[in-house]
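Me: I have a structure open here and would like to talk through its architecture with you. Could we go over it piece by piece?

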2 protein chains.
Amino acid sequence: MRQEKIKTGSVGLVETRYFTFGNTEGDALVLESGQRLAPVIQAYETYGELNRDKSNAILVEHTLTSDAHAAGYHEGDIHPGWWDDMIGPGKAFDTDKYFVICSNVIGGCKGSTGPSSINPGTGKPYGLDFPVITVKDMVEAQKRLVDYLGIKRLLSVAGGSMGGMLALQWAADYPEMVDSAILIATAWKQSPQQLAFAEVGRQAIMKDPNWNNGNYYNGPRPENGLSVARMIGHITYMSETSMEDKFSRKLKNNDYSFSFNVDFEVESYLNYNGNVFVKRFDANSYLYITRALNYFDVSGEKLIPPGRTIDIRFLVISFLSDWLYPSWQSKEIVRFLMSRQQDTTYCEIKSTYGHDAFLLEFEEETRLIKHFLKKVVDEPG
Amino acid sequence: MRQEKIKTGSVGLVETRYFTFGNTEGDALVLESGQRLAPVIQAYETYGELNRDKSNAILVEHTLTSDAHAAGYHEGDIHPGWWDDMIGPGKAFDTDKYFVICSNVIGGCKGSTGPSSINPGTGKPYGLDFPVITVKDMVEAQKRLVDYLGIKRLLSVAGGSMGGMLALQWAADYPEMVDSAILIATAWKQSPQQLAFAEVGRQAIMKDPNWNNGNYYNGPRPENGLSVARMIGHITYMSETSMEDKFSRKLKNNDYSFSFNVDFEVESYLNYNGNVFVKRFDANSYLYITRALNYFDVSGEKLIPPGRTIDIRFLVISFLSDWLYPSWQSKEIVRFLMSRQQDTTYCEIKSTYGHDAFLLEFEEETRLIKHFLKKVVDEPG
């Protein structure tokens, strides 16, 4: 049954693996805040084969709420990984050619060390004792994984939304390790509107009495707050047009209920997604990761210091109807890269899907990314 | 002290008055849902003098969270009513010429009958026993007030945002009573995105344990949920540009706190406004009024039935950066009115303030409204 569901072009059955570092004091992760984190587990998956000279590795970065399982199927699952449309034999990230790595960020709740992990100092989940981490810290942990895999240089670091921020952070921190970066529907720092949406989501969580100052792992979870945060998120992921196309003002039943129950299909969609999300995501991780994104800022000379050139080719993609990470934020990056004579390709895709487009417009993305990666391989900088 | 604060052009000291109807069974308000509401109190204020032939009355409609106190000062207050910039001697709604009425909608919590009012059947606040009302019901209650004031025909019905919806409902239900309608930053029905934001706000309230199925008037109030709802609202009232101008990524202190406390000024603004709001607004009213707006729909022939012409002049104003009630929604109304040969003036104001522009761009609005009202008076249709 499951195997019938495996689409042509899938990488097939995959497993998440775990890399741990920081078991000795000197090996701990020193964070931007000055705190230390140890031990650190990095959950990761790989697809395709690393070639002999280890020059075909691509690091794919995930979004706020996704994870290391980007492609293929876990034993028993009927749905593939979150970017399966893009990763596999013959696909944009062609696993016949490239060795693709995807790693869950620290602070997350999908296998990498985060606030729901056991604090070795207490034997209990960290909760708010987990240190506040940054995108730089996430990249630092990934660097340890890449080192462990014996890879000196990544053919590409690629990601959409938060994933694009991690790719930018790699370019800022380890330019000598990166041949190319693919930045999709992202920004080099959040705008005040993005900060605002993140804050409201966090407040919804932190005002939930079950949140209990982050200490809820032995009791009821702050599902009410987390579902509201997720509902806000979903509104920002869609465009006005895609909401109109999908829901318009359609009712679940024939007439108004004259109550506060679900009447409109869009209400049903939001509530359903809020309820599903709380089963698969940790509220504290939502706080930590959104905070990391707030603090993220590699704008201008923080990306490339004055007088310096970096040997990275950039592909930047944005979507016309994305109002969460609008095109002007991509163009800001592109303008800067061009002003610094970096080899940069920019494309705005005329999608109506809003921010979600990055997970839906895979045909257009495939065309652009295949062509770009071929150039990176064929014409080394 | 207070009197020094009264600006030139103020209508001065004012008081809210109360009109009650429905004390006899036959006089009850029959709602769209089929339920009956009685008695019904309408809180209202008036500014200026009603002329002898009662032909100079303008009904100003308020927004989701404002009230009957549109202009002038209440005894002891240092701030004037919510649209004082627009109502007063020499102002857009010139109280030397016009008799301006503003009335709190039913379902509200500012003096008119709503879910926090005492249910005569139980002697306790209605809570969720209050019937779900619609914009049509709100207008029906206002019609009783206008009748009581002895006014047969309103020179204008005017409002922004929700206020514009009430003005449209007046035009749809009582076209013979309305000379003109001024519709600012509004829509003739909510888009799915607007439905979605409303639903998330309501869910934030209803998931607050203190909400207690609407029965909280003798205990702690659902302030957590209501403040989150308000914070979401504030994001939608501003534009990306106005947030950038006002906050950018400015910090409250010099550096990141590496915590979930307030770091950014925009976070401080949202939390402050959320906290202030819960002191002045009832959570159940937030549910009832947003629900009424969801159900509101006077699009197309619901506004003017086929083959009919109505004798109403329209002024429609929208704001370029308003993404909550964007210009396309105003243009939709305008196109329809023009197609039906209604006398219609449309202006899109090039403001960066987003939806809030309607409360801030009063100079431009004054110019347009003064000119429009003069025409309505001087050149009767």
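**Loops, sheets and helix contacts**

Reply: Let me begin with a loop: B:Pro39 is found between strand S3 (36-37) and strand S4 (40-47) of chain B. The model is a predicted one, and in it a cis peptide bond with an omega of about -10° joins B:Ala38 and B:Pro39.

Me: And which residues does a cis peptide bond join in chain A?

Reply: In chain A, A:Ala38 and A:Pro39 are joined by a cis peptide bond, with omega about -10°, and A:Pro39 sits in the loop between strand S3 (36-37) and S4 of chain A. As background, most peptide bonds are trans, and most residues other than glycine have a negative phi.

Me: Speaking of phi, what is the value for B:Ala185, and where is that residue?

Reply: B:Ala185 has a positive phi of about 45° although it is not a glycine, and its place is in the loop between S12 and H4 of chain B.

Me: OK, on to the sheets. What is the strand order in chain A?

Reply: In chain A, 8 strands form an open sheet with mixed pairing, in the order S1-S4-S8-S5-S11-S12-S13-S14. Its edge strands are S1 (17-21) and S14 (344-349) of chain A, each of which pairs on one side only, and neighbouring strands of this sheet are turned by 20° against each other on average, with direction ignored.

Me: How do S13 and S14 of chain A pair, parallel or antiparallel?

Reply: Strand S13 (residues 313-319) of chain A and S14(A) pair in the parallel sense, over 6 bridges. To give one position, A:Ser318 has A:Glu348 in S14(A) as its bridge partner.

Me: Which helices pack on that sheet, then?

Reply: Helix H2 (residues 135-148) of chain A packs on the sheet, where it touches S1, strand S4 (40-47), strand S5 (57-61) and strand S8 (99-103) of chain A, and its direction makes about 55° with that of S4(A). Helix H11 (residues 362-378) of chain A also packs on the sheet, touching strand S11 (156-160), strand S12 (180-184), S13 and S14 of chain A, with a direction at about 175° to that of S13(A).

Me: What about the sheet in chain B, and why does each edge strand there have one side without a neighbour?

Reply: Chain B has an open sheet of 8 strands in the order S1-S4-S8-S5-S11-S12-S13-S14, with mixed pairing. Strand S1 (17-21) and strand S14 (344-349) of chain B stand at its edges with a single partner strand each, so one side of each is left without a neighbour in the sheet. Strand S13 (residues 313-319) of chain B runs parallel to S14(B), joined to it by 6 bridges, and B:Phe314 stands opposite B:Thr344 in S14(B).

Me: Switching topic, how is chain A divided into domains?

Reply: Chain A is divided into domain 1 (2-189 + 298-378) and domain 2 (194-292), and the C-alpha centres of these two domains of chain A lie 25 Å apart. Across the boundary, 26 residues of domain 1 of chain A are in contact with 18 residues of domain 2 of chain A, and the side belonging to domain 1 has 14 nonpolar, 11 polar and 1 charged residues.

Me: How do H4 and H8 of chain A pack?

Reply: Helix H4 (residues 192-206) and helix H8 (residues 283-295) of chain A pack at an angle of about 160°, with their axes 10 Å apart; H4(A) and H8(A) are therefore roughly antiparallel to each other. Their crossing is left-handed, and by class the contact has 7 nonpolar, 3 polar and 1 charged residues.

Me: Now the two chains together: how many residues are in contact?

Reply: 40 residues of chain B are in contact with 40 residues of chain A.

Me: Which residues make the contact of H7(A) with H4(B), and at what angle do the axes cross?

Reply: The axes of helix H7 (residues 265-280) of chain A and H4(B) come within 9 Å and cross at roughly 50°, which makes H7(A) oblique to H4(B). The contact is made by A:Val266, A:Glu267 and A:Leu270 of H7(A) and by B:Pro192, B:Leu195, B:Ala196, B:Glu199 and B:Val200 of H4(B); these residues divide into 6 nonpolar, no polar and 2 charged.

Definitions and conventions: Residues numbered from 1 in each chain as written. Chains lettered and ligands numbered in written order. Predicted model: local features only at pLDDT ≥ 70, side-chain atom pairs only at ≥ 80, totals over all residues. Axes fitted to C-alpha atoms, helices over the stretch in contact; angles between N-to-C directions. Helix = DSSP H or I, 4+ residues; strand = E, 2+ residues; numbered from the N terminus. Parallel < 35°, antiparallel > 145°, perpendicular 65-115°, else oblique. Left-handed = near helix turned anticlockwise from the far one by under 90°. Nonpolar A, V, L, I, M, F, W, Y, C, P; charged D, E, K, R; others polar. Domains from an automatic or database assignment. Contact = placed C-beta atoms within 7 Å. Pairing = 2+ DSSP bridges.
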